[in-house]
Amino acid sequence: MRKPLTILAAAAVSTFAVAQSAMAEFPERNIEDIYPWGPGATMGVSQIIADAMGDELGVNVSVVSTPGAAGTKAFKTAMERPADGYTLFDGYVAPLVLQPLLGKADWTYKDFVPLWSGTSNAFAIVVRADEDRFDDFEGFVKYAQENPGKMRYTTGGTGNLPHMVLAKVMQTSNIVAKPVPYPEMQDGVKDLRGGVLDFLTSNPGFYKTNKDHLKVIAVLSELDAASEVYDGAPRVMDFGVDLGMSGLAPMGWNWWLVKKGTPEDVVEKLRTAMGAAVNDPEVKEKILNVGFVPLGYSPDQYDEIVAPVAEQLQSGIDAIAWEKEQLDALK
Amino acid sequence: MELLTTGASLFLSPLTVFLTAAGCFLGLMIGVLPGLGPLMGIILLLPVAFHLEPVAGMGLLIAVYVGGSCGGAISAILLRIPGTPLAAATLLDGYPMARNGRAQDAIGIAISASAIGGLIGGAVLIFFSPFLAEFALSFAPPEYFAMTLLGLMAIVVVARESAVKGFITGAFGLLLATIGTDDFTNAYRFTFGTHNLYNGFHIVAIVVGLFGISEVIYQIRGGSFLTKPDIPPVRAPFRALGIVSRHVPNLVRSSLLGSTFGALPGAGGVISAFTAYAIAKARPKRGEVYGEGAEGGVVATESANNACCGGALIPTLSLGIPGDGSTAVLMAALFLLGFFPGPELFEYNADVAGGIFLAYMSSNLFLLVLGVVLTPVFVSVLRLRKAFLIPAVMLLSTVGVFAIQSAVFDLWVMFGFGIVGYFLRRADYPLAPIVMGAILGPICEANFRRSLLISDDGMWIFLQRPISATILAVVALLAAVIVFRAVRRSVDPERAPVV
């Protein structure tokens, strides 16, 4: 008799536990934001949002650096987790839009449920402050045309977003230079300052830390706000160059996402918390101080904003192929 | 010095001093746990630092950096598990010291050498920042390639068992380094279709597996699970300072080496620790046998490790170019606290820069005091019966490695390398060269390929640049000496020393 009673008691306890769990309020434990790059300033910006979001939700939101394969490792890692809202995708444009376009990922941006957009950062072509071969973008183009394939530059990794944007500018301006990959962009900045490289695409963080040693040749965005981040430096369009990309397309940006199938009430809670976080003036100010621009796009603007980016980036992919052809022809 | 006096006004507040001490304690604890190193400690405390005054926040994080860089040595010495890859070189002599009943001395030496090395690194940071920052800028891909070759030569010295076996395991480490996504072509290499390998094996999972799990297997095979180890009670080992003072040339040399390597972005503490060890081993004190518990081995690796922290802050603060993951997060923290590293920091916010320098120096002093006071607590771990110690080690290793990326795959990697490590040890193959190969491999390969990309004359670029050519000449000379000694040993085994 004793055994059935024990089983009954155990069943009652587990039923109670299951009922408790079903009734429990989300979130009951810490949430993880799967961040696709290595630690650094950009991760710090995600941490600002995560902290503010955690304050709203009453739990800790930690940013987990999971670098690899241009961000796709982070996406695949997050995809393996349950659709319960405890795992967020730090949806950077590279793994979200670019890698699928390159055939390196089998998802599209439509396969995720958007929360709020995070931040954006525009790129700029920078050279050493004491560069005396040219003073401005026009001089830079003229020098590069006279020395085809001789100048060396980096955009960080190869085939990444800044590489596409820069290749597009070079294609439009009919110039070609040699790309040198540096997975850690800070090493590229060091080698630019050391004289190994001739120019690179900087983000606002690197520009701010090396301001006195760098000169901005042109900002790779049509937006006035992007120019302001680089202390009012001219944009490529100011020199009559059609970038062929607009809005967010030529910029780095992220949109926080969750997996499809996440319960609606959980998504709603996350959206409310993130909305409050990214619209908090104090959070915005902290992000701006680092040189990033808070985007503030709401979940319902996701399709409207992201779809054109996907379309426009194809021209950047074609520009990289053009660059390779030109360099091969020069060999 | 003016910088320090300016910074004192910000640093010398009770809260900042307390947070620096607390950060050092937390760093030590985090470093002791297998898998969790200074980087993880800094990331964990980043949210706390955001809410503090700049110098208090940076003081907390820098203290975690300093404490965490040393803490790994304690588990390396006591359990043969390097808490961090930084401590992989420390166990070469630290663990044998503990096995010889000198755990207390080994920990005392490790902490004292770390603290003194850190202070020397701090002095270099304060007085030679501009010079070393300029020097770092002259290091381009050809120089990094040459330097990694020099680091790989250290494998021969580190490989106590046999140079040939060292080369074999070193080559295994280099092969491991090829796994992942190729940064130059974005091609997947040996990933076998799994995204878990897109960034290769995590170095911490490799290190904890190779050393920690293999040791656990050894201990299990050794039996006597319920025997209480006979470890006499220990007191705070203040005499460790006296022991370290007998190794002043080694201490100063290793610290300066650590500072210099630290100042080169990307070179890192692991290379400096192994190189300092190799040099110390090549110049042993009378009666010291490296690999069997030589005090000089612990002095060299730990002073180099922590001096490297000071060195790594040089490009971070002076150039805005972080040297490794930990300093990248420290720089991000400085950003988020509203300050930008670089010459402007020293010019316009000298008080903050001075405060950060003081926080770094104080962290090393706190490390010395805390480390010495806490040594009896650490050593008490050795009094645990195996039946408790082994499960505890397994649990801590598992939690530590899982915490890095919240990835179960890393745990499989750790256990896999544990088994590999066990069999390699049984066959007398050294494990440290695997770590060196795995860490140096990507730096070596990337800089070789990058050098060829920037070169207009192919391979000649390595000889056209003076620094690169000099380092390569040293590498060639070392290789010649090693081959010469090996040949001489094979001809007359009595005369030639083991390299």
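Reader: Which residues of α6(B) do G94(B), M97(B) and A98(B) in α5(B) meet?

Author: A103(B), D105(B), A106(B) and A110(B) in α6(B). The residues of this contact divide into 5 nonpolar, 1 polar and 1 charged. Contact requires C-beta atoms, placed from the backbone, within 7 Å of each other. Nonpolar covers Ala, Val, Leu, Ile, Met, Phe, Trp, Tyr, Cys and Pro; charged covers Asp, Glu, Lys and Arg; the others, Gly among them, are polar.

This is a predicted model: local features need pLDDT of at least 70, side-chain atom pairs count only at pLDDT 80 or more, and totals for chains, interfaces and linings use all residues. Residues are numbered from 1 along each chain as its sequence is written, while chains are lettered from A and ligands numbered from 1 in the order in which they are written.

Reader: At what angle do helix α5 and helix α6 of chain B pack?

Author: About 150°, with the axes of α5 (residues 91-99) and α6 (residues 103-137) of chain B 7 Å apart. That makes α5(B) roughly antiparallel to α6(B). The cut-offs are under 35 degrees for roughly parallel, over 145 for roughly antiparallel, 65 to 115 for roughly perpendicular, and oblique for the rest. Axes are lines fitted to C-alpha atoms, for helices over the stretch in contact, and angles run from 0 to 180 degrees between N-to-C directions.

Reader: How many helices and strands does chain B have?

Author: Chain B has 21 helices and 2 strands. Helices (H or I, at least four residues) and strands (E, at least two) are DSSP runs, numbered from the N terminus. Chain A has 12 helices and 11 strands.

Reader: How does the radius of gyration of chain B stand against that of a compact globule?

Author: It agrees: for 499 residues the globule would have a value near 23 Å, and chain B has 22 Å. The rule is 2.2 Å times the number of residues to the power 0.38, with the radius taken over C-alpha atoms. Along its principal axes, the C-alpha trace of chain B spans about 65 × 65 × 50 Å. For chain A the box is roughly 95 × 40 × 35 Å.

Reader: What makes N174(A) buried or exposed?

Author: N174(A) is exposed, because it has 11 other C-beta atoms within 10 Å. N174(A) sits in the loop between α6 (161-173) and β7 of chain A. Its phi is near 55°, positive in a residue other than glycine.

Reader: And what makes D231(A) buried or exposed?

Author: D231(A) has 10 other C-beta atoms within 10 Å, so it is exposed. D231(A) lies in the loop between α9 (224-229) and β10 (252-259) of chain A. Phi of D231(A) is positive too, about 55°.

Reader: What makes β2 and β11 of chain A stand at the edges?

Author: First, the sheet. It is open and mixed, with 6 strands in the order β2-β1-β3-β10-β4-β11 (chain A). β2 (61-65) and β11 (293-294) each have a single partner strand, so one side of each lacks a neighbour in the sheet. Pairing needs at least two DSSP bridges between two strands. β1(A) and β2(A) meet that with 5 bridges and run parallel. V63(A) in β2(A) is the bridge partner of D33(A). Helix α2 (residues 41-57) of chain A lies across β1, β2, β3 (87-92) and β4 (112-121), at about 155° to β2(A).

Reader: Which strands make up the open sheet of 5 in chain A?

Author: The order is β7-β6-β8-β5-β9, with mixed pairing. Its edge strands, β7 (178-179) and β9 (214-219), each pair on one side only. β5 (residues 124-128) and β8 (residues 199-202) of chain A pair antiparallel over 3 bridges. V126(A) stands opposite L200(A) in β8(A).

Reader: How many residues of chain B are in contact with chain A?

Author: 43 residues of chain B, facing 44 residues of chain A. α14(B) gives the most to this side of chain B, with 8 residues. By class, that side has 27 nonpolar, 13 polar and 3 charged residues.

Terms used: Two residues are in contact if their C-beta atoms, placed from the backbone, lie within 7 Å. A residue is buried if 20 or more other C-beta atoms lie within 10 Å of its own, exposed if 12 or fewer, and partly exposed in between; C-beta atoms are placed from the backbone.
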